[in-house]
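Please read its numbered points with the structure in view.

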Amino acid sequence: MLMSDELLTLLFVFCHDLMNYFCTRMEKTIEEKVNAGVMLPLMEEFYTIQGEGFHTGTAAYFIRVGGCDVGCHWCDVKESWNAETHPPTHIDQIVDHAAKWSKTIVITGGEPLTWNMQPLTSALKDRGMSVHIETSGAYELSGTWDWFCLSPKKMKMPVAAAYKRADELKVIVFNKHDFAFAKAESQKVSSNCQLFLQPEWSVREKMIPLITEFVMENPEWRVSLQTHKYLNIP
Ligand code: SF4
């Protein structure tokens, strides 16, 4: 028996609404999982050499999480800023991938502390991995860290807990005013925090002589270079 046009229309509307309902439910579930840190917007993951700071030259697996609204104008990973452009990925998958490559994991971004890092770091540590973070410290702390690299940004200053937790303070030097900023920031971290000055890549030729001079005058600081860029690796 042929269905009337009216019945067909009703059926179409019903199926359409049902699909919308399930899509919305699915989106909501994903959103809830991302908010809980069980899924994270994963931008990229790769095994490489840590190019910067205290652990320069050591092999590590990098997990780059999307999402950052700090807004550094010289940021070299601007494509990380919009979390919605990076697929929500379950942390079990992220941990399984990482476990195949290294015992040292660096979580970077974007700004990883945009998200709840406790589920991911706990899962990595349960598998015996040493977990490092690179953060601006601008958000509430979450996660369990073996190494906490704080790279403060003037646009959105770190929270007090980030200074307290920092194992390493890495200040990016874009212009000469950043030396005064670095000195002021070093007053906020603990006495055993390692201090690094790193030239922003696009102005490195101009800034390296100034950093060299500063470090010779202030030997509690060390020079950090983005050696991965010299090595032409990620
Ligand atoms: Fe880029 Fe990091 Fe600054 Fe965010 S905090 S804008 S990811 S440099």
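How far apart do the C-alpha centres of domain 1 and domain 2 lie?

1. Domains. The C-alpha centres of domain 1 and domain 2 lie 42 Å apart. Domain 1 covers 1-36 and domain 2 covers 37-230; such bounds come from an automatic or database domain assignment. Four residues from domain 1 and eight residues from domain 2 make up the contact, where two residues count as in contact if their C-beta atoms, placed from the backbone, lie within 7 Å.

2. Basis of the model. This is a predicted model, in which local features need pLDDT of at least 70, side-chain atom pairs count only at pLDDT 80 or more, and totals for chains, interfaces and linings use all residues. Residues are numbered from 1 along each chain as its sequence is written.

3. The sheet. Nine strands form an open sheet with mixed pairing, in the order β3-β1-β2-β4-β5-β6-β7-β8-β9. Its edge strands, each pairing on one side only, are β3 (88-90) and β9 (221-223). On average, neighbouring strands of this sheet are turned by 30° against each other, direction ignored. Strands (E, at least two residues) and helices (H or I, at least four residues) are DSSP runs, numbered from the N terminus; two strands pair if DSSP finds at least two bridges between them.

4. Parallel pairs. Strand β5 (residues 130-135) pairs with strand β6 (residues 147-150) in the parallel sense over four bridges, and Thr135 has Leu150 in β6 as its bridge partner. Two bridges join β6 and β7, again in the parallel sense; here Leu150 has Leu169 in β7 as its bridge partner. Strand β8 (residues 194-199) pairs with β9 in the parallel sense over three bridges, and Phe196 stands opposite Arg222 in β9.

5. Helices across the sheet. Helix α1 (residues 5-36) lies across β1 (39-49) and β3, and runs at about 55° to β1. Helix α6 (residues 204-217) lies across β7 (168-173), β8 and β9, and runs at about 150° to β8. Axes are lines fitted to C-alpha atoms, for helices over the stretch in contact, and angles run from 0 to 180 degrees between N-to-C directions.

6. The core. Which residues have the most contacts inside the largest nonpolar core? They are Ile63, Ile105 and Ile107, in a core of 41 residues. Strand β2 (residues 59-65) gives the most to this core, with five residues. Not counting residues up to four places away in sequence, Ile63 touches Glu45, Ile94, Ala98, Ile105 and Ile107. A nonpolar core is a set of buried Ala, Val, Leu, Ile, Met, Phe, Trp, Tyr and Cys residues joined through C-beta atoms within 7 Å. A residue is buried if 20 or more other C-beta atoms, placed from the backbone, lie within 10 Å of its own, exposed if 12 or fewer, and partly exposed in between.

7. Helix α5. In helix α5 (residues 177-186), the buried residues are Asp178, Ala182 and Glu185. Because these fall within an arc of 70° when seen down the axis of α5, they line one face of the helix; the arc is that of the directions from the helix axis to the C-beta atoms. The buried residues pack against β7 and β8, whereas His177, Ala180 and Ala184 on the other side of α5 are exposed.

8. Backbone points to check. A cis peptide bond, with omega about 15°, joins Gly109 and Gly110. Gly110 is found in the loop between β4 (104-108) and α3 (118-126). Asn232, a residue other than glycine, has a positive phi near 60°. Asn232 is placed in the segment after α7 (227-230) and is exposed, with 6 other C-beta atoms within 10 Å.
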